[in-house]
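Please look over the structure below before reading the report.

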Amino acid sequence: MKTRIMGFFGAVNQSCFGGDSYSYLCRSSVSSFCFNSSRTANQLDSLYVSDDDNNQALDFPGGKVTFSSQMRFISETGENRVPCYRVLDDNGEPIIGSNYEQLTKELAVKMYGNMVTLQMMDTIFYEAQRQGRISFYVTSLGEEAINIASAAALTPDDVVMPQYREPGVLLWRGFTLQEFANQCFGNKADYGKGRQMPIHYGSNKLNYFTVSSPIATQLPQAVGAAYSLKMDKKDACVVTYIGDGGTSEGDFHAALNFAAVMEAPVVFICRNNGWAISTHISEQFRSDGIVVKGQAYGIRSIRIDGNDALAVYCAIHAAREMAVSEQRPILVECLTYRVGHHSTSDDSTKYRPIEEIEYWKSARNPVNRYRKWVERNGWWSDEEDRELRSNVRKELLQVIQLAEKTDKHPVTELFADVYDAPPLNLQEQEKQLRETITRHPKDYPSSVPV
Amino acid sequence: MAAKLRSYGRGLAPLLWRRGLSNASSSTMIQQQQQQQSGKSMNLYSAINQALHIVLETDPRAYVFGEDVSFGGVFRCTTGLVDRFGKNRVFNTPLCEQGIVGFGIGLAAMGNRAIAEIQFADYIYPAFDQIVNEAAKFRYRSGNQFNCGGLTIRAPYGAVEHGGHYHSQSPEAFFCHVPGIKVVIPRSPREAKGLLLSCIRDPNPVVFFEPKLLYRKAVEEVPEDDYMLPLSEAEVIREGSDITLVGWGAQLSIMEQACIDAEKDGISCELIDLKTLIPWDKETVETSVRKTGRLLISHEAPVTGGFGAEISASIVERCFLRLEAPVARVCGLDTPFPLVFEPFYVPNKNKILDAIKSTVNY
């Protein structure tokens, strides 16, 4: 174990070696993973020493509680911060002694290709917004490893309830760049029928619930969906994502508590990227991040380096295996950084130093780090990289052009899907609106067929 | 009151249902006249309990959950369910309304009938975001790729003579401002059973407010079989020619007493049970007001911004030239629901009777 400074997070231990008390993850294969959760970062041991006769222990729901004559308050913090599991060092080299799942070349290269594609989609869609072609955009820059590696660790049957900075999960599952573009342009090929702002993707086919803007609302829903999988005895779990800011919402606490009590197979993935729009995590909570909140709810938890694709892959793979085989929730805190602005409506240089952004963009770049590892294995070359980027770029420009030219959904879709069938008030309002359009056609965009 | 309520099922207006409901092939959608068939005499909570038994029996994907539902619920509506259907399908949840509704949305989104109980309507507000931003928009925002139509939220509402601020509220108007959900309130045991079965089987999320004052007080014959009553259809429960009265839930029994007293003074009142508040049946109310030329709306919730305002505005739009007096609203006061002042706060019989007279004599 060693300690180093990770930017704004302060000192965080990075654990990678087998044999010490923190090596509770990632042997060479999933089947031989060792989950010694009872030893997991238990920093309260000293408090559990009782000086009383055990026979007098209080028989209280949940197990025997021993007595103590000492009035000891539990400390608000542990002695050390919970360490952060990782596999690759900053140069993309596996840390000596680290245990992780061996990826096949095919899987490893596909992950890299998807990370690059996601990064390029973000860059070009962001530009399209800047040119006024789409109304809004949110990038996942800096969080490509969490997006792609977590998706790669799941099965297609695992149900995803996303927040909004996880489009890479959809990309991994086969959502095409054209489908992304169609949603951002809200055209008639958008499954959401142009009703929501850009980046609110959803795909029934790909088991990815439609994004909604309110923060953390998906978390208790994920527990309900997971309970359904449990009742149906499905070999699948629900995976749901949240940012650091979202953990302050009531729904976060509701969801963790429900998940523990209902023993629901759900994996909570928290992308702790340091910033909730302009609110720094030091203004968001005073706990040691998110990971420590799991134990308070009776949920097994781990902190990982979210910029290490291999660590993300291994940890999420292990988490979903535990969630499904043991029918229990798991909490994963990924330490990362939001390299982009919150959205196209935000300028983050107003509230955080450019040097900090640059540090995470370059020195801690998750795509570069992972590429070094793939290259070191002899699986990737500069030539292949140039070709990939050139192809993705061409495709992105094509899909934007096509999405832009495509008509919007007709106005009747304004009234559909509020209910399974339009009630009388909506039928009446549609009729009135059509009469208004006839009288004032110039008030309405011609791209929406009447 | 129980004696009065016994007559409520015998509506006079024939009800025709507009479309079938999903997953209800074994059930019958019945018209009001057919309900006169004999049933077992029971109170409102027992009727709710019977509906829940039926739905758990007929649909293996139905779940009942909420605070304290396992032992039968604080109002006994879920009595016996856990013994019959097991703790996987009928279970207590942590004390957290936003969690209950969020959980229910997720469960429903996976193709289940999620029947969530909020212990009192007064405590539904922590779940407001889940209902308004999530359940109501789930289908629309996904372009009908996903829906949580299997969700039904049950919550006891309304005055109960000793409930004070937090066991008496009628929050229905908040939810009537939300496209995408339905709001339904029954007036009697027979109605409660048939409407609840319709709500649970309706392919849209529904908030079902139960008049807790009537849980034990209201007793009537309730058919034992599996039957459903149509949503979004109001019912004329008393015919008259001088003034139309519109209400829902527990308020109807108060309104009927006022109608009976008005009749002694030679005023003929038509009384309508709206039943579904959104999407509501404007046509039945409009037809009645075209006949009587006068409208009175009564609800327990505060008058300002109450659903009575919406009914009033809509009917004025449609029947302006036919109206012979301003639309009257006899509602709760614009105060928090008070404990010792409850008799002053509520829209009681004589407040309604006075309004009937002043409207007719306008």
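## Model and domains

The structure is a predicted model. Chain A is divided into domain 1, residues 105–405, and domain 2, residues 411–440. The C-alpha centres of these two domains of chain A are 36 Å apart.

Chain B is also divided into a domain 1, spanning 39–223, and a domain 2, spanning 235–361. In chain B, the C-alpha centres of domain 1 and domain 2 lie 26 Å apart.

## Annotated spans

For chain A, an unreviewed UniProt entry carries the annotation "domain: Dehydrogenase E1 component" over residues 114–410. In the model, residues 114–410 of chain A are 46% helix and 11% strand. The end C-alpha atoms of that span are 34 Å apart.

For chain B, the annotation "domain: Transketolase-like pyrimidine-binding" comes from an unreviewed UniProt entry and covers residues 42–217. Helix makes up 38% of residues 42–217 of chain B and strand 18%. The end C-alpha atoms of this span lie 10 Å apart.

On the domain 1 side, B:C176, B:I185 and B:R187 lose the most area to domain 2 of chain B. Together these residues account for 27% of what the domain 1 side buries. The contact draws on 27 residues from domain 1 of chain B and 24 residues from domain 2 of chain B.

Three salt bridges are counted between domain 1 and domain 2 of chain B. B:E191 and B:K275 form a salt bridge in which the closest N and O atoms are 3.0 Å apart. Between the two domains of chain B there are also eleven residue pairs in polar contact, with both residues at pLDDT 80 or more. Three elements of chain B, α7 (172–175), β7 (182–184) and α8 (189–201), each supply at least two residues of the domain 1 side that touches domain 2. By class, that side of domain 1 of chain B has 15 nonpolar, seven polar and five charged residues.

## Contact between chain B and chain A

How much area do chain B and chain A bury between them? The figure is about 3700 Å², with 61% of it on carbon and sulfur atoms. Chain B puts 47 residues into the contact and chain A puts in 44 residues.

Two salt bridges are counted between chain B and chain A. A salt bridge joins the side chains of A:D232 and B:R61, at 2.9 Å from N to O. Across the interface of chain B and chain A, 21 residue pairs are in polar contact, both residues being at pLDDT 80 or more.

## The chain B side of the interface

Which helices of chain B each supply at least two residues of the side that touches chain A? They are α4 (97–109), α5 (128–135), α6 (138–141) and α11 (282–292) of chain B. Of the elements on this side, α4(B) gives the most, with nine residues. The residues of chain B on the side that touches chain A divide into 20 nonpolar, 15 polar and twelve charged.

Conventions. Residues are numbered from 1 along each chain as its sequence is written. Chains are lettered from A and ligands numbered from 1 in the order in which they are written. This is a predicted model: local features need pLDDT of at least 70, side-chain atom pairs count only at pLDDT 80 or more; totals for chains, interfaces and linings use all residues. Side-chain values use heavy atoms; hydrogens and water are left out. Domain bounds come from an automatic or database domain assignment. Contact means heavy atoms within 4.5 Å. Buried area is the accessible area (1.4 Å probe) that two parts lose on being put together, summed over both. A salt bridge is a side-chain nitrogen of Lys or Arg within 4 Å of a carboxyl oxygen of Asp or Glu. A polar contact is a pair of N or O atoms within 3.5 Å; within protein, one must be able to donate a hydrogen and the other to accept it, and residues adjacent in sequence count only if both atoms are side-chain atoms. Helices (H or I, at least four residues) and strands (E, at least two) are DSSP runs, numbered from the N terminus. Ala, Val, Leu, Ile, Met, Phe, Trp, Tyr, Cys and Pro count as nonpolar, Asp, Glu, Lys and Arg as charged, and the others, Gly among them, as polar. UniProt positions are given in the numbering used here, feature names are shortened, and annotations may be inferred rather than shown by experiment.
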